[in-house]
Amino acid sequence: MLRLAARRLLKVVPLLLLVSVIAFGLLSMVPGDPAVQIAGEFATEEQIAEVRSDLGLDRPWIVQYGDWLGNAIQGDLGTSPFSGVSVSTQIWQRLPTTLSLLGWALALSVLIGIPAGTIAGWRQGSVVDRVLTMGTSVGVAIPVFVSALVLALVVGLKLSWLPATGYVGFSESPVDWARHLFLPAVALALTGAAEIARQTRAGIIQVKNEDYVRTAKASGLMTRQVLGRHTLKNAMIPVVTVVGLQISRLFGLSVLVEQIFNIPGIGSRLVTAVFENDVPYIQGTVLLVGIAIVAVNVAVDVSYGYFNPRVRAA
Amino acid sequence: MKHGRTAKVLVILAALALVAAGCGDSDDGDSADTAAPGTTEVAETTAAETTEGGEATGTTATETTGGEASGERGGTLIWGLGSNGANFFDPHMATNPFGRSWMYPFYDRLTQIDQDGAVQPMLATSWEFAEDASTLTFELRDDVVFHDGTPFDAEAAKANLDRARTQETGAGTFVDLLAVESVEVVGPTTVQLNLSTPASALPAILSDQAGMMISPAAFENPDLATMPVGSGPFVATEFRVDEVMLAEANEDYWDPELPRVDNLELRYILDPTTRLNATASGEIHGGTLDVGQFSRADAEDLGLVLTDRFSTALFQLFLNTERVPALANPAVRRAIAMAVDQEGINTALYNEECAPNDQVFGDGWYPHNPDIDSDYLPFDPEMARQILEEEGATDVEFTAITANIPSFVAQAEALQAQLAEVGVTMNVAPTPIPELISGFLVNRTADAYWTLNPGAPDPAKLVSTVWLPQSPFNPGAYEIPGILELHQQAQAATTEDERATVYHEMAQLLADEQLSIAVCTPASIMAHSADVTNVQLLSTLSDVDVSAIEVQG
């Protein structure tokens, strides 16, 4: 397992470098001159040039990249040009909120998706299977921005069962923390749960017809043992892949959901950063999320070794 | 064994979630809790002081809306703002024209404008122009202290005015103070502005960012952009970029009636739907209603109360007459104005909250010329086409840049379709906000610019920003015959009646010239909960001064 993990980690180094180049390349891809915006509408050409020089924007691209990467490795992602506040500080303040939301969403996706898919697959063709399959089709089809708005308006505003917007820290009130995160997490989890359920169902159906499962059943093992020990584990590889993909997807969708539910995470800040042309923040966030997604992929790869010993040996 | 491992994984996951949550502690209170007003302190209820000039100060200087104040201080006010002016709390350097609402609670101004548009005292108790209009002398309050303990006096006022009028420091406010040649300290609480030209608009202009007083000791603070140090009714305690500004009541505030709450949270909520939902759900007490997205009925259906007032804002199409020579012809510009269906745009895009307007000064503002209604240049595509033919302008084509925000693009496209009906081709270029400034104002490479001008506290500021030959929003340096003389006359006029007469004439001139195509004046509307009173809107669009708001239980 360790060798597998080491191999995978070595392979991601060039990938991470590529991520950093793309993240930094955003600076040159973003239209407009941040110096003009910072200097203001009445600034003279000299003042604009001074701002450009202060920001180091007048240096060659490769020099700027080298500087940025060197600082980023030390945890310094630069400062937002208008506020002068460190990007690392902003991300550090907001990341836990986003991780709380993503943690909730992922937990709901898995806790709903795997049992639903297992039941549907184990009872293939039954009424339960048909209902669950239809439900997952609907879940996959509804865009997150629709489910988020419907949940906020109906459950939050019309019915007033849960807060429609806002966020409360865990230490301030664990109950309010959970209440505020529940609706956005459900909005995020619906599609993920549906996809995990479909993948789990397909995996279960495939595995349950294998000889070794039939043999296990014939040898008199209880259904729970057959399902848990012999079927579910072997059906998990594609499911884990989907869960990994869901994490990447959740990072992206959290931008929308944080905006709709007014959650002060890194995603909602990303939206305002785009409007402000706050390139350092965008670069920092893209780099961080890129690293997180690469890390998730490595974890998923390594987990194959747990579920399938043949991968470990490969 | 396997069950044990699964359980371990679940425990680790749960622990990670808790750690993440623990790290994510926010100071944001649950609205349900923090919104409940306490009765921690009863404000002094002394009568409003009277100035030397006999004019009332403090809250009595402005009318209030939304109900009667109870006289008690307490609770936390949470207000949602849709513009991110929070990124720059240095009023002299701030570049966002929609960012004033963030500054008012922290910065007092020399003057303030009341709900009728009249200039009233604030840090200055009275002011006087010299007979020959060569000086403007302010008498200042003697009981004001900045949040950092620095006393406010004539020296502090001079330091601020000098900073605000120096372009070399990067102060955008310098354009407001061009007429100020020098500033002199005449006495401990008397400051004199020596003027190079008559400037009767200055008292009004000093109610804006140019007149906001920063503690001179904080001028060099590296974090002044995020932690304001003024003398206002609230003291900033914590700022989180693009999220929230937390503040507490200034216990030493000179006006004993302010503030009305113990704590203030200004939250940045970009999305209009989220802002409205947050108000309806009780997360915040109120915020701007986006009239392009919601009608009054939408907000009222959610149980919210509306407070509104006229604004000095104007949706308009700025033109670069140098890049498109055909647009240097006033007849062509008038034809373009006649091709625009203002009422259709108002109905389809603004829920009937953007009053069609052929003049640059909105109804309700003293420079508004009552003889010029929205039919002054009637919507008449046939006539417009005929004028264009007579002027030989049958192939006019230009590209208008506009903010890459869906509502602005939709408005520009509506305009594009209407102009196409009369044979004018207007290409629409949705553009990132930084490029708008560089394209139209700095590099002057854009043909036209569709945007919302938020307005100004004084018409002179609007005029000098847009319609003079040297105005930044007139990149073609087009000179409207007679406008400079009228501008000078208005600056020399001392009473509002005299100024109104001049501005009525100017409104007529600008309506005939249409150097920027006027379309409509949007309303400023705040949607808030019923337990909030004293919501004070300013004449610049969507600007609110939350300093006097009271939260009732």
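This is a predicted model: local features need pLDDT of at least 70, side-chain atom pairs count only at pLDDT 80 or more; totals for chains, interfaces and linings use all residues.
In chain B, 47 residues are in contact with 51 residues of chain A. On the side of chain B that touches chain A, at least two residues come from each of α1 (2-23), α6 (272-281) and α12 (433-442) of chain B. The largest share belongs to α12(B), which provides seven residues of that side. Sorted by class, the side of chain B that touches chain A comprises 22 nonpolar, 14 polar and 11 charged residues.

Most peptide bonds are trans, and most residues other than glycine have a negative phi. Against this background, the peptide bond from Leu258(B) to Pro259(B) is cis, its omega being near -10°. Pro259(B) sits in the loop that runs between β9 (244-249) and β10 (263-268) of chain B.

In chain A, Ser160(A) is a residue other than glycine with phi near 55°; its place is the loop between α7 (144-158) and α8 (174-208) of chain A. Ser160(A) counts as exposed because 12 C-beta neighbours lie inside 10 Å, and the cut-off for that class is 12 or fewer. In chain B, Glu352(B) has a positive phi of about 60°, although this residue is not a glycine either. Glu352(B) belongs to the loop between α9 (342-350) and β14 (354-356) of chain B. With 14 other C-beta atoms within 10 Å, Glu352(B) is partly exposed.

Technical notes. Residues are numbered from 1 along each chain as its sequence is written. Chains are lettered from A and ligands numbered from 1 in the order in which they are written. Helices (H or I, at least four residues) and strands (E, at least two) are DSSP runs, numbered from the N terminus. A residue is buried if 20 or more other C-beta atoms lie within 10 Å of its own, exposed if 12 or fewer, and partly exposed in between; C-beta atoms are placed from the backbone. Two residues are in contact if their C-beta atoms, placed from the backbone, lie within 7 Å. Ala, Val, Leu, Ile, Met, Phe, Trp, Tyr, Cys and Pro count as nonpolar, Asp, Glu, Lys and Arg as charged, and the others, Gly among them, as polar.
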